[in-house]
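Hi,

Here is the structure I promised to pass on.

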Amino acid sequence: MENMLLLEKGVCDLFMHGTIESSCSDVHQTFSNALNSSLCMQSQIYDKMSQKGWYSPDRAEQQKMNSVKMKFSGGAGN
């Protein structure tokens with residue numbers, strides 16, 4: 001399942017770039033539809049893995065979150 005998830009993420013990346021770089025509306029729409037389908041599939045795989053306890057993302061440390069928040073809010077450290 002992990003390999004499937006990684007492959008699907010790669011497919012999403014390729015379809016995203018195809019959507020961004022497409023030169024006509026028909027090609028853009030085709031890539032966009034494929035991207036949406038792949039994102040749904042990626043989400044389903046993630047949900048199934050999560051339900052079975054096979055995928056649990058690490059929680060971010062509060063200190064790191066505060067640091068990033070300060071960086072992008074124009075606070076100290078800029």
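A quick definition before anything else: a residue is buried when its relative accessible area is under 20%, exposed when over 50%, and partly exposed in between (1.4 Å probe, protein chains only). Helices here are DSSP runs of H or I with at least four residues, strands are E runs of at least two, and both are numbered from the N terminus.

Some ground rules: this is a predicted model, so local features need pLDDT of at least 70 and side-chain atom pairs count only at pLDDT 80 or more, while totals for chains, interfaces and linings use all residues. Residues are numbered from 1 along each chain as its sequence is written, and side-chain values use heavy atoms, with hydrogens and water left out.

Now the helices. H1 (residues 2-21) has 20 residues and reaches 29 Å from first C-alpha to last, close to the expected 28 Å; that expectation is 1.5 Å times one less than the number of residues. Buried in H1 are Leu 5, Glu 8, Cys 12, Gly 18 and Thr 19. They sit on the same side of H1 because they cover an arc of only 140 degrees around the axis, taken from the directions from the helix axis to the C-beta atoms. The face turned away from that buried side carries exposed residues, among them Leu 6, Leu 7, Leu 14 and Ile 20.

What do the buried residues of H1 pack against? Their partner is helix H2 (25-51), with contact meaning heavy atoms within 4.5 Å. H2 has 27 residues and spans 39 Å between its first and last C-alpha, close to the 39 Å expected. Its buried residues are Ser 32, Ala 34, Leu 35, Ser 38, Gln 42, Ile 45 and Met 49, and the buried residues of H2 pack against H1 in turn. After H2 comes Gly 53, with a positive phi near 75 degrees.

Glu 8, in helix H1, is one to look at. Glu 8 counts as buried because its relative accessibility is 11%, yet it has no salt bridge (a side-chain nitrogen of Lys or Arg within 4 Å of a carboxyl oxygen of Asp or Glu). The nearest side chain of opposite charge is Lys 9, 12 Å away; Lys and Arg count as positive and Asp and Glu as negative, with His and the chain ends not counted. Leaving aside neighbours within four places in sequence, Glu 8 is in contact with Ser 38, Met 41, Gln 42 and Ile 45.

Not counting residues up to four places away in sequence, Ser 38 touches Glu 8, Val 11, Cys 12 and Phe 15. Ser 38 and Ser 23 are 15 residues apart along the chain, and their C-alpha atoms are separated by 21 Å.

Last, the cysteines. Cys 12 is buried at 8% relative accessibility, whereas Cys 40 is partly exposed at 48%.

Cheers
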